[in-house]
Each structure stands twice: as C-alpha cells, then as structure tokens.
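Reader: I have a new structure open and would like a walk through it. Can we go piece by piece?
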Amino acid sequence: MTATVLRAARPYGGDPVDLVLRDGVVAEVLPAGTGSGSVVDADGLVALPGLVDLHTHLREPGREDAETVETGTRAAALGGFTAVHAMANTDPVADTAGVVEQVWRLGREAGHCDVAPVGAVTVGLRGERLAELGAMAESAARVRVFSDDGHCVSDAVLMRRALEYVKAFDGVIAQHAQEPRLTEGAQMNEGALSGVLGLKGWPSVAEESVIARDILLTAHVGSRLHVCHVSTAGSVEILRLAKERGLAVTAEVTPHHLLLDEELAATYDAVYKVNPPLRSKADVEALRQGVADGTIDAIATDHAPHAGEDKEGEWAHALPGMLGLETALSVAQLALVDTGLLDWAGVAERLSVAPARIGRLAGQGRPLSVGEPANVVLVDPAARWTVDPAALASKSRNTPYAGRELPGRVVATFLRGRATVLDGALA
Ligand SMILES: NC(=O)N[C@@H](CC(=O)O)C(=O)O
C-alpha cells in the first residue's frame, strides 16, 4: 500500500517530523522532508492521536430527523474524531444486544469513525431493573460503557448492582449525576440569576450529592465509576478528594461548560438550554482548573442534536442539548491551550488517550509512534473560523457558537491510515 507522508507535522505541538502512515499504522517517524510517498503538507500543523468522544448522541434509531449514525459520525470525523461512544437514549433504547449491534453495524457501514455503542444501565432508562449488561458486553458491539444518560440511576441498590455486575467484563458505569427530586422542572442553574429570570433553578447539590454517593458505592464494591459532564466547582472538589484516596473514579467535562456560563440564559434563546445547565463563571474557572490538574480526566462533547422544532419557542418547552463534535477541539484550544492551562500533549490526553482508556477502546488513543494504529488528526492552531450552523455536517443546527469566531481548524483526520477528512472536508 502507498505510504501517506504527513510532511513536517508537529506531534503534540513539538518539533516537525515526517509521520509516515502505511498499512494502517504509523510506519516511520522521520526527519522532516525525508519521507517518501503520497505527501500531505502538514507544515505548521499539530498532529494528535485521533480524538475519542465518550459522549455522543447519534439519535439513531428513533430520531433520524435530528441526526443519524451517518451524519453524526461525519460531523465527528470533521471534528477530528476517530471514535465516538454513542449514547443509549435512542428509541428504542439501546438496552439489548440487538440495538447496540445495530448501532455498531451502522457505524461500520458509514466508515467515518469507529462507533462504540453505550448500553443502557436499566431497561428503557426507567431506573427499575437492570438491562442485559452481560449480553451487550458479549455482543459484536463489545459494550464496556453503560449509562442511563439523561436519566440518573438514582436508586442506590440498582446502582450498586450495576457497579458490581460490570466488574465481570471490566465495564464502567457512566453516571448522569442528577438527583431527580432536586431537579424536577429545573430549567437553568440555581442562583440569583434564575430568580431574576423566573426560570426554575437546578442546584449544584443535585449533581454533587449523587457524585458523592456513587463514589462511596464504587469504593464499597470495588468497581469503576465514570461521571458524565461534570458542571460544578463542588463536583471538582469531591472528585479531587476521591482521586487523592486512589479510588477508581473518572470524570468528563463538556467543551461548553469550559467556555459558556449561565448569563446566556438571559437571552431566553433555548440554544443555550442544556443538561446539566450552564453554570456560574466561578464554576467554569474551577472546571478549567480541574482539567488542567487532571482531576477531570476527559473532555467529552455531549453532542446533542435536536430538530429545529424542539429548540424553537419558549425556553421551558425546548429540549436540552447542544451540538459539540465539530467545535470541540476549537473550544478546547480557546479555553485551555490559548489560556496556557494545557499544552497539546494535555489536549491529546483529555480528548483521546483518557477517553479511549476509560471506554477500553483497543487501538484508539494510542501514541503517535512506530507500530501504533494510524489514527491521527492534523490541526492548524493558527487558523480562525466563524461557526456557520448551516455549514456543519450535523443534521441539526443547535450550536451555541453560531457566528462566533473560534481558533484552530481540523485540516485532516486519518482512521487507521485512511483519510476520512482532507483539507478540512470529507475525504
Ligand atoms: N445533554 C442534554 O442536554 N441532552 C441530552 C440528554 C440529557 O442529558 O438530558 C440529549 O440526549 O439531548
């Protein structure tokens, strides 16, 4: 097979080299300008391992009007991702081997990136009895991450059983930490602003109390817990304590919680309505620090496409959720790299290495060294682009960054040596 030479690419932002991709792996790492093969000019571009998303809503089956596996994974590749975890809150819910295999197969057929289906923890996400976790783990989809995302596994006995069950196949329970009674009817962050705007508040303690309980349960049964989209300073503090004790807990934060805050609710534009809600400026700062010091292991998009009618009209009636796949790397650069909190190696760790490790995805999140799978993204950190919702590959338009200029552009993405994106467009 002809080699592809990523000419003068800068792995992790370091010195330029020629990365030679052949037969699906990084075949050689040579002095810049010396590799031979089909050349991609990567001068000035940062090379990172292909990004891995722990939290993507692909909406298929059930809401193909908002997204499909094909359109969602296309958006993923354009965002620099070589693998995504597809959330289970589909219709039907991904709570059986049949549904997760269907999603996994659709991902293979689309071919834009690997799709790792997430299995539901409970049947129908109803929080009443465990789904067939073992059958999903043993299916062709090889499920390792289980989540009732959008719904919290609030029953302590069920949560304990789920944590115990997944130990058998090294699975992880990804908890959407939201105490249901404390968040009934909640619309935005609880605080002075929610009072002023007349929108029912979602208190931080609704998230923090579940995280604290789950950490204790995990420690008790000796299992693995992952906390989805952490959004408060208090959650970061609890996670920091748990990690100091060496507990097997990991956590993710979304790009939007690292950049946007609750003041956007004052627009009453439901594009800013999301679950968990945008928080205070102090929370945003604590989340950034948490990512920088490793308390938060991963950045995960929570890409949540919604059809136009579900986001129009009154805030209280709109569905929560924002697009994320095509802007994640740019937002990470803006919030973390350009602020000096993280270098490119840190970005690779949070957006590729850690999510692959947490999801137990073989062949993803690997170093850019000889013999490793050639999953690579090339990003131009000097580029600037203005987000045009109509130009996104996602089937939905609910980006919170419409009209906003962002730094950093994905130039190319390679999945096992094959270009899925070249010159910023689908290959
Ligand atoms: N994150 C979101 O705001 N929305 C999620 C589900 C959810 O977490 O409520 C979705 O599926 O749209």
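Author: One term comes before the rest: two strands pair if DSSP finds at least two bridges between them. Also keep in mind that this is a predicted model.

Reader: OK. What is the strand order in the open sheet of 3 strands?
Author: The order is E6-E7-E8, and the pairing is parallel. The edge strands are E6 (51–56) and E8 (114–117), each of which pairs on one side only. On average, neighbouring strands of this sheet are turned by 20° against each other, direction ignored.

Reader: How many bridges join E6 to E7?
Author: E6 and strand E7 (residues 81–86) are joined by 4 bridges and run parallel.

Reader: Staying with H6: at what angle does it pack with H7?
Author: H6 (residues 204–221) and H7 (residues 233–244) pack at an angle of about 15°, and their axes are 9 Å apart. Angles under 35 degrees count as roughly parallel, so H6 is roughly parallel to H7. The crossing of H6 past H7 is right-handed.

Reader: Which residues in H6 and H7 meet?
Author: From H6 there are Ser204, Glu207, Glu208, Ile211, Ala212 and Ile215, and they meet Gly234, Ser235, Ile238 and Ala242 in H7. By class, the residues of this contact divide into 5 nonpolar, 3 polar and 2 charged.

Reader: What about H11 and H12, at what angle do their axes cross?
Author: The axes of helix H11 (residues 328–337) and helix H12 (residues 344–358) cross at roughly 130° and come within 11 Å. The two helices are therefore oblique to each other. H11 passes H12 in a right-handed crossing.

Reader: And the residues that meet in H11 and H12, which are they?
Author: Leu329, Ala332, Leu336 and Val337 in H11 meet Trp344, Val347 and Leu351 in H12. The contact has 7 nonpolar residues, no polar and no charged ones.

Reader: Changing topic. Which residues surround the ligand?
Author: The ligand is surrounded by His57, Asn89, Asp149, Gly150, His176, Val274, Asn275, Asp302, Ala304, Pro320 and Gly321. This shell has 3 nonpolar, 6 polar and 2 charged residues.

Reader: Asn275 is in that list. What kind of peptide bond joins asparagine 275 and proline 276?
Author: A cis one, with omega about -5°. Proline 276 lies in the loop between helix H8 (255–259) and helix H9 (281–292). The peptide bond from aspartate 91 to proline 92 is also cis, with omega near 5°. Proline 92 is placed in the loop between E7 and helix H2 (97–110).

Reader: Now the hairpins. How many residues lie between E17 and E18?
Author: There are 2 residues between them, and arginine 416 in the turn has a positive phi of about 45°. Strand E17 (residues 405–415) and strand E18 (residues 418–422) pair in the antiparallel sense over 3 bridges. Phenylalanine 414 has alanine 419 in E18 as its bridge partner.

Reader: What do E18 and E19 form?
Author: They form a hairpin with 2 residues between them, where aspartate 423 in the turn has a positive phi of about 50°. E18 and strand E19 (residues 425–426) pair in the antiparallel sense over 2 bridges. The bridge partner of leucine 422 in E19 is alanine 425.

Reader: Last one: where is alanine 8?
Author: Alanine 8 is in strand E1, residues 4–11. Its phi is near 60°, a positive value in a residue other than glycine.

Notes:
Residues are numbered from 1 along each chain as its sequence is written. This is a predicted model: local features need pLDDT of at least 70, side-chain atom pairs count only at pLDDT 80 or more; totals for chains, interfaces and linings use all residues. Axes are lines fitted to C-alpha atoms, for helices over the stretch in contact, and angles run from 0 to 180 degrees between N-to-C directions. Angles under 35 degrees count as roughly parallel, over 145 as roughly antiparallel, 65 to 115 as roughly perpendicular and the rest as oblique. A crossing is left-handed if the near helix is turned anticlockwise from the far one by less than a right angle, and right-handed if clockwise. Two residues are in contact if their C-beta atoms, placed from the backbone, lie within 7 Å. Ala, Val, Leu, Ile, Met, Phe, Trp, Tyr, Cys and Pro count as nonpolar, Asp, Glu, Lys and Arg as charged, and the others, Gly among them, as polar. A residue is near a molecule or strand if its C-beta atom, placed from the backbone, lies within 6 Å of it.
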